[in-house]
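Hi,

Here is the structure I promised to pass on.

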Amino acid sequence: MSQGRCSAATMATTFMVMCLFVLLHYSDVAEAAPKTYYVGGITNGWTFNVQSWSRGKRFAVGDTLVFKYNRSFHNVVAFYGPRNGGNFAKCIAPRGATVRQTGRDLIKLVKGPNYFICSYPGHCQSGMKIAIFV
Ligand SMILES: *[C@@H]1O[C@H](CO)[C@@H](O)[C@H](O)[C@H]1NC(C)=O
Ligand SMILES: [Cu+2]
């Protein structure tokens, strides 16, 4: 009887230790749940002088960016990878880049540099551009 109780307690302790281990392990490995961000903030959205909006934020692969804007005046051109740094700096949308223009575009971040510009003439030059490094 008392032996049975004892081993039950031992098993319970072992189980708790295992649970704790699994918890600690996964909190280390698995990142927080993906986040959603409104580029430029929910009020202003995707517009001129938005380029410093990403400063100080920590982005992760799989986070979603929401680009909210008036589609009569703007679009979102996304391109990726370290080779496109120059295009981003010069506000050039590379050939084959995806152009979105729904007025509310949801784009997931990928690993590496993620570049977004508005390709309407002069808009990117007026700060309608963001670079996010994940
Ligand atoms: C976009 O701008 C046009 C022209 O100013 C306006 O008529 C329209 O209502 C705007 N659309 C939205 C979704 O704000
Ligand atoms: Cu624009």
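Predicted model: local features only at pLDDT ≥ 70, side-chain atom pairs only at ≥ 80, totals over all residues.

**The copper site**

The copper ion (ligand 2) has His74 (ND1), Cys118 (SG), His123 (ND1) and Met128 (SD) as its protein donors, at 2.0 to 2.8 Å. Along the sequence, the spacing of these donor residues reads H-x43-C-x4-H-x4-M. Histidine 74 sits in the loop between strand 2 (64-68) and strand 3 (76-80). Cysteine 118 sits in the loop between strand 6 (113-117) and strand 7 (129-133), so this pair ties together parts of the chain that are 44 residues apart in sequence.

How are the four donor atoms arranged around the copper ion (ligand 2)? The angles they subtend run from 83 to 137 degrees, and the arrangement is therefore irregular. To count as tetrahedral, all angles would have to lie between 85 and 135 degrees. For your own comparison, the ideal angle for four tetrahedral donors is 109.5 degrees.

Histidine 74 and cysteine 118 are both buried. For cysteine 118, the relative accessible area is 1%.

Phenylalanine 48 belongs to the loop between helix 2 and strand 2. Not counting residues up to four places away in sequence, phenylalanine 48 touches His74, His123, Ser126, Gly127 and Met128. Among these contacts, His74, His123 and Met128 are also donors to the copper ion (ligand 2). Is phenylalanine 48 buried or partly exposed? Its relative accessibility is 35%, so phenylalanine 48 counts as partly exposed.

Tryptophan 46 is found in that loop too, between helix 2 (41-44) and strand 2 (64-68). Here the relative accessibility is 1%, which means that tryptophan 46 counts as buried. The side chain of tryptophan 46 reaches the backbone oxygen of asparagine 75 at 2.9 Å. Tryptophan 46 and tyrosine 69 are 5.5 Å apart, C-alpha to C-alpha, while their separation in sequence is 23 residues.

**The disulfide**

How many disulfides does the structure hold? There is one, and it joins cysteine 91 to cysteine 124 with an S to S distance of 2.1 Å. The torsion about the S-S bond is -75 degrees, and the link of cysteine 91 and cysteine 124 is left-handed. The pair links distant parts of the chain, 33 residues apart: cysteine 91 lies in the loop between helix 3 (85-89) and strand 4 (98-100), and cysteine 124 in the loop between strand 6 and strand 7. Cysteine 91 and cysteine 124 are both buried. Note that cysteine 118 also lies in the loop between strand 6 and strand 7.

**Strand 2 and its partners**

Strand 2 is mostly covered, with four of its five residues buried. Strand 2 pairs with strand 1 (residues 36-38) in the parallel sense, over three bridges. In that pairing, threonine 64 of strand 2 is the bridge partner of threonine 36. Strand 2 is also joined to strand 5 (residues 104-108), this time by five bridges and in the antiparallel sense. There, lysine 68 stands opposite arginine 104 of strand 5.

Best wishes

Terms used: Residues numbered from 1 in each chain as written. Chains lettered and ligands numbered in written order. Heavy atoms only, no water. Helix = DSSP H or I, 4+ residues; strand = E, 2+ residues; numbered from the N terminus. Buried < 20%, exposed > 50% of the residue type's maximum accessible area, 1.4 Å probe, protein only. Polar contact = N/O pair within 3.5 Å; in protein donor to acceptor, adjacent residues only side chain to side chain. Contact = heavy atoms within 4.5 Å. Donors = N, O, S within 2.8 Å, 3.2 Å for Na, K, Ca; no water. Tetrahedral: all angles 85-135°; square planar, octahedral: opposite > 155°, others 65-115°. Disulfide = S-S within 2.5 Å. Pairing = 2+ DSSP bridges.
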